[in-house]
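Dear colleague,

I am handing over the structure we spoke about, and below it I have set out what was found. Please keep the structure open while you read.

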Amino acid sequence: MRTGLKKGCACLLTVTMIVSLCACGKQEQKEEVDTKNITFREEMIDMEKLPGNISGIVVENGKAYVSTFEWEKNNNDSDVKKHLFEVALDGSAQKEIVLPESNDAATLQQFCLSDNGSIYYVESFYDEKADTLQNNLTAIDGEGKLLYQQDINKIVKKYSDSYVSGMAYDEKNGLLLLT
């Protein structure tokens with residue numbers, strides 16, 4: 001399974017690079033977008049009761065999935081407490097999805113949902129001993145049960161000396177990572 005995921009991630013990153021290179025090519029004609037028929041809807045969703053600072057939101061199937069974080073000072077170290085919530089769009093119901101244990105200093109960078117309800121997220125933390133930023137990909141089901149975890153440092157470092165700044169799940173069951 002790890003080999004398949006590695007090959008899948010490598011193929012996705014290759015396709016992403018090819019598409020980005022094509023996008024840098026000569027553009028012949030700009031297409032104008034008609035914004036007259038776009039409807040904007042403004043709604044307030046009560047998220048005041050969520051702990052910490054909101055760091056991300058994804059809306060799927062009439063629900064918002066919201067990630068938050070809190071810094072906790074323990075002795076000489078700072079730990080990050082990460083949360084992920086499923087919130088009804090009318091704000092009436094908020095359910096915390098308990099995340100599997102991970103590095104206490106890791107922050108939840110990005111997350112997305114798959115078609116089957118799995119939640120994928122990337123956590124990053126600075127490893128002082130190795131003097132590098134570490135990136136881990138985790139998949140859980142809608143209840144927080146761990147499906148798998150993978151160190152994705154080799155993938156991220158191949159294209160950038162940074163972190164994952166965006167991610168999406170496409171219709172072909174592929175995970176797209178933006179570094």
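Two residues are said to be in contact when heavy atoms lie within 4.5 Å of each other. Please bear in mind that this is a predicted model, in which the protein chain has an average pLDDT of 77, with 76% of the residues scoring at least 70. Confidence is highest in strand β8 (residues 146–151), at a mean of 91, and lowest in helix α1 (residues 2–23), where the mean is 52.

With that in mind, you might look at E123, which has its place in strand β6. Is E123 buried or exposed? Its relative accessibility is 3%, and because buried means under 20%, E123 counts as buried. If neighbours within four places in sequence are left aside, E123 is in contact with K82, S102, A106, T107, L108, Q109, Q134, N135, N136 and T138. With one of these, S102, there is a polar contact between the two side chains, at 3.0 Å.

The largest nonpolar core has 13 residues, and those that touch the most other members are Y120, V122, L137, I152, M167, L175 and L177. Two or more residues of this core come from each of β6 (119–127), β7 (132–140), α2 (153–159) and β10 (175–178). Apart from this core lies another, of 11 residues, including Y65, F111, L113 and I119. In soluble globular proteins, nonpolar side chains tend to be buried together. If residues up to four places away in sequence are not counted, L137 touches Y120, Y121, V122, Y148, Q149, Q150, I152, M167 and L175.

With best wishes

Key. Residues numbered from 1 in each chain as written. Predicted model: local features only at pLDDT ≥ 70, side-chain atom pairs only at ≥ 80, totals over all residues. Heavy atoms only, no water. Core = buried A, V, L, I, M, F, W, Y, C linked by side-chain atoms within 4.5 Å. Buried < 20%, exposed > 50% of the residue type's maximum accessible area, 1.4 Å probe, protein only. Helix = DSSP H or I, 4+ residues; strand = E, 2+ residues; numbered from the N terminus. pLDDT = per-residue confidence, 0-100. Polar contact = N/O pair within 3.5 Å; in protein donor to acceptor, adjacent residues only side chain to side chain.
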